[in-house]
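Please open the model in your viewer and keep the selection panel at hand.

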Amino acid sequence: RSVVLPAYFSSVKVSGLENFPQEGPVVIAPTHRSRWDGIMVGYTFGRPVIGRDPRFMVTVNEMNGFQGWFIRQFGGFPIDPDQPSIAALRHGIDLLQSHQVLVIFPEGDVMRDRYVQYLKPGFARLAIQAQKKQKTGPVIKILPVALDYGCSIPKQGCEVHVKIGFP
């Protein structure tokens, strides 16, 4: 798994991992509290843990420079939340139809408070569209995930609790 997270944070606790569907298409829908979130989701749901590679749908402004290169290496792809392209949406639908794991932060931007914000409707529309196109096969599961940092702005020494809900 990772050496960086346990070295940076005082503890990383994961609860509810048994709720992760072992097969079929899954949308992981985590809260978005910091720039650490993508790494934390990868740590929690990476291939060594779930046996599959999660694919991240990220905003276009996250895909610049080294960070963008790094995200692409791990199967991330960009979407413009203000004007989503047909190609980006189609790619997300194709991933779900091929029973992959898709990570979408449904709140959109990083939210510093501890309350779930209004969810952007795009992630649910994407799952519904993929389900409609899939005539047979398993139902697409949406897995809620709360990323709870012990500090409002995560810093070295904070505790982290990843809470996985029921799909």
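Where is the place of T44? Select this residue in the predicted model, and you will find T44 in helix 2. T44 is buried, since its relative accessible area is 2%, and its side chain reaches the backbone oxygen of M40 at 2.9 Å. Beyond its neighbours within four places in sequence, T44 is in contact with V14, L17, V49, V162 and I164.

Next, select F20, I28, M40, V41, F45 and V145, which have the most contacts inside the largest nonpolar core, a set of 26 residues. At least two residues of this core come from each of strand 2 (26–30), helix 2 (37–45), strand 3 (54–59), strand 5 (101–103), strand 6 (141–149) and strand 7 (159–164). Another core, of 14 residues, lies apart from it and includes I79, I93, L96 and L102.

Now turn to the aromatic rings, where the count comes to seven pairs. Show F20 and F45, whose rings form a tilted pair, 5.7 Å centre to centre with 40 degrees between the planes. This pair links distant parts of the chain, with F20 in the loop between strand 1 (11–15) and strand 2, and F45 in helix 2, 25 residues apart; both F20 and F45 are buried.

Then move to helix 4 (residues 65–73), where F66 and F70 lie four residues apart, about one turn of the helix. Their ring centres are 6.1 Å apart and their planes are at 35 degrees, so this pair is tilted. F66 counts as exposed at 61% relative accessibility, whereas F70 is partly exposed at 41%.

Finally, select Y8, F9, W36 and Y149, which ring pairs link into a cluster.

Note on methods
Residues are numbered from 1 along each chain as its sequence is written. This is a predicted model: local features need pLDDT of at least 70, side-chain atom pairs count only at pLDDT 80 or more; totals for chains, interfaces and linings use all residues. Side-chain values use heavy atoms; hydrogens and water are left out. A nonpolar core is a set of buried Ala, Val, Leu, Ile, Met, Phe, Trp, Tyr and Cys residues joined through side-chain atoms within 4.5 Å. Buried means under 20% relative accessible area, exposed over 50%, partly exposed in between (1.4 Å probe, protein chains only). A polar contact is a pair of N or O atoms within 3.5 Å; within protein, one must be able to donate a hydrogen and the other to accept it, and residues adjacent in sequence count only if both atoms are side-chain atoms. Contact means heavy atoms within 4.5 Å. Rings of Phe, Tyr and Trp (its six-membered ring) pair if their centres lie within 6.5 Å; planes under 30 degrees apart count as stacked, over 60 as edge-to-face and the rest as tilted.
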